[in-house]
Amino acid sequence: MIVIIIAMMDNKKIEKISKALSDVSRIAILQQFKKKHDGVYCAEFNDMLDLTQPSVSHHLKQLVDADLLIPEKEGRNLKYSLNQKVLDEYIASLNNLKG
């Protein structure tokens, strides 16, 4: 039997992530990672979403600041990957509220 232990987040971290997820565009950005598990380039978000480049950059920054996305520099491009560990901890912390 494999037991996975997920650390519980502190309330400030839960708040920061919740605020980052309180925007429909940011949720749409995260949903793109279901389709592309190997990461998404910044320019791809501009094509996927009906948003201006500055808006996309703003939303990506909010998700990075909440530790939900991990940016990687590849040459002149930024590639983002989902921080599955933080997302799992966030979900576990919310589930813990059910009691």
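Start by selecting residues 24–35, helix α2, together with residues 53–65, helix α4: the two pack at an angle of about 75°, and their axes lie 10 Å apart. Keep in mind as you look around that this is a predicted model. Angles of 65 to 115 degrees count as roughly perpendicular, so α2 and α4 are roughly perpendicular to each other. If you like to orient the view by geometry, two packed helices are described by the angle between their axes and the distance between the axes.

Next, show the side chains where these helices touch. On the α2 side, pick S25, R26, I29 and L30; on the α4 side, pick H58, H59, L60, Q62 and L63, which they meet. Now try colouring this set by residue class: the contact of α2 with α4 divides into four nonpolar residues, four polar and one charged.

Now zoom out and switch to a cartoon of the protein chain. You will find five helices and three strands. Trace the chain along the sequence and the pattern reads α-α-β-α-α-β-β-α.

With the C-alpha trace displayed, turn the model along its principal axes: the trace spans about 40 × 30 × 20 Å. Then bring up a surface. The protein chain exposes about 6,800 Å², with carbon and sulfur atoms supplying 54% of that area. Colour by burial next, and 35% of the 99 residues count as buried.

Terms used. Residues numbered from 1 in each chain as written. Predicted model: local features only at pLDDT ≥ 70, side-chain atom pairs only at ≥ 80, totals over all residues. Heavy atoms only, no water. Axes fitted to C-alpha atoms, helices over the stretch in contact; angles between N-to-C directions. Helix = DSSP H or I, 4+ residues; strand = E, 2+ residues; numbered from the N terminus. Parallel < 35°, antiparallel > 145°, perpendicular 65-115°, else oblique. Contact = heavy atoms within 4.5 Å. Nonpolar A, V, L, I, M, F, W, Y, C, P; charged D, E, K, R; others polar. Buried < 20%, exposed > 50% of the residue type's maximum accessible area, 1.4 Å probe, protein only. Areas by Shrake-Rupley, 256 points an atom, 1.4 Å probe, with all protein chains shown as cover.
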